[in-house]
Amino acid sequence: MRVRVTTRHINNNQDPEKLKSYAVKKSKRIERYLKSGDDPCDVSFVLSAEKFRDTAEISISSKNLKAASSFETTDMYTAIDSALDIIIKQLKKETDKKKKSKRRIGAKNKEGAAGAGTAPERGAGSLTNIRVRKLPEKPMTVEEASLQLRVSDANFVTFRNSASNDMNVLYIDGKGQITLIEP
């Protein structure tokens, strides 16, 4: 982790060297979130003062992660601490997100391995290739469903009956007769 501290318009009352050493010392808090092997990481502090406003800006740049924070107040030390708190919050969020995605991938792999082990136990009528189709949300009358059935190539239509608000199935049986199934 390379730390670079830049000061702008800091007057001698605040002692720029003391501020730089304070920023470097506080950057150790960030280090634990940036340990990732060979990936070089740059942390840059920009400390600036304008009239009575002191601003601390922190930016982190690495191969996998980019984050930035800024805080403005009347005290430079408070600005550094607050900007660090903000960036640590961002880094925690990122690391938690990465952990969760790794866990999800691990769980999927376990399910896939467990599913592969149980697949031979299932018979020929297994439900592995299920295609999901959405029903129209608009309720239909039986007449509208009948028209839908005649227009489509399918042998059945499922629909929400507008009169009873229940799911119904309208299908063509083997004799060519249209049949309605109600719950």
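Q: Why does arginine 32 count as exposed?
A: Its relative accessibility is 63%, and exposed means over 50% relative accessible area, buried under 20% and partly exposed in between (1.4 Å probe, protein chains only). Arginine 32 therefore counts as exposed. The model is predicted: local features need pLDDT of at least 70 and side-chain atom pairs pLDDT 80 or more, while totals for chains, interfaces and linings use all residues. Residues are numbered from 1 along each chain as its sequence is written, and side-chain values use heavy atoms, without hydrogens and water.

Q: Where is arginine 32 found?
A: Arginine 32 belongs to helix α2, residues 28-34. Helices here are DSSP runs of H or I with at least four residues, strands are runs of E with at least two, and both are numbered from the N terminus.

Q: What makes serine 48 buried?
A: The relative accessible area of serine 48 is 16%, which lies under the limit for that class, so this residue is buried. Serine 48 is placed in strand β2, residues 41-50. Leaving out residues up to four places away in sequence, serine 48 touches Arg8, Ile10, Arg53, Asp54, Thr55 and Met76, a contact being heavy atoms within 4.5 Å.

Q: Which residues gather in a patch of positive charge on the surface?
A: The patch holds Arg32, Lys92, Lys99, Lys100, Arg103, Arg104 and Lys108. Members of a charge patch have over 30% relative accessible area and no salt bridge, with like charges joined within 9 Å; a salt bridge is a side-chain nitrogen of Lys or Arg within 4 Å of a carboxyl oxygen of Asp or Glu. Helix α3, residues 76-118, gives the most to this patch, with six residues.

Q: How many helices and strands does the secondary structure of the protein come to?
A: There are four helices and seven strands. From the N terminus on, their order is β-α-α-β-β-β-α-α-β-β-β.

Q: What share of the residues of the protein count as buried?
A: Of the 183 residues, 25% count as buried. Among contacts with a separation of 6 or more, 38% are between residues 24 or more positions apart.

Note on methods
Patches are made of residues with over 30% relative accessible area and no salt bridge: like charges are joined within 9 Å, nonpolar side chains (Val, Leu, Ile, Met, Phe, Trp, Tyr) within 5 Å. Accessible areas come from the Shrake-Rupley method with a 1.4 Å probe; for residues, only the protein chains shown count as cover. Lys and Arg count as positive and Asp and Glu as negative; His and the chain ends are not counted. The place of a charge is taken as NZ of Lys, CZ of Arg, CG of Asp or CD of Glu.
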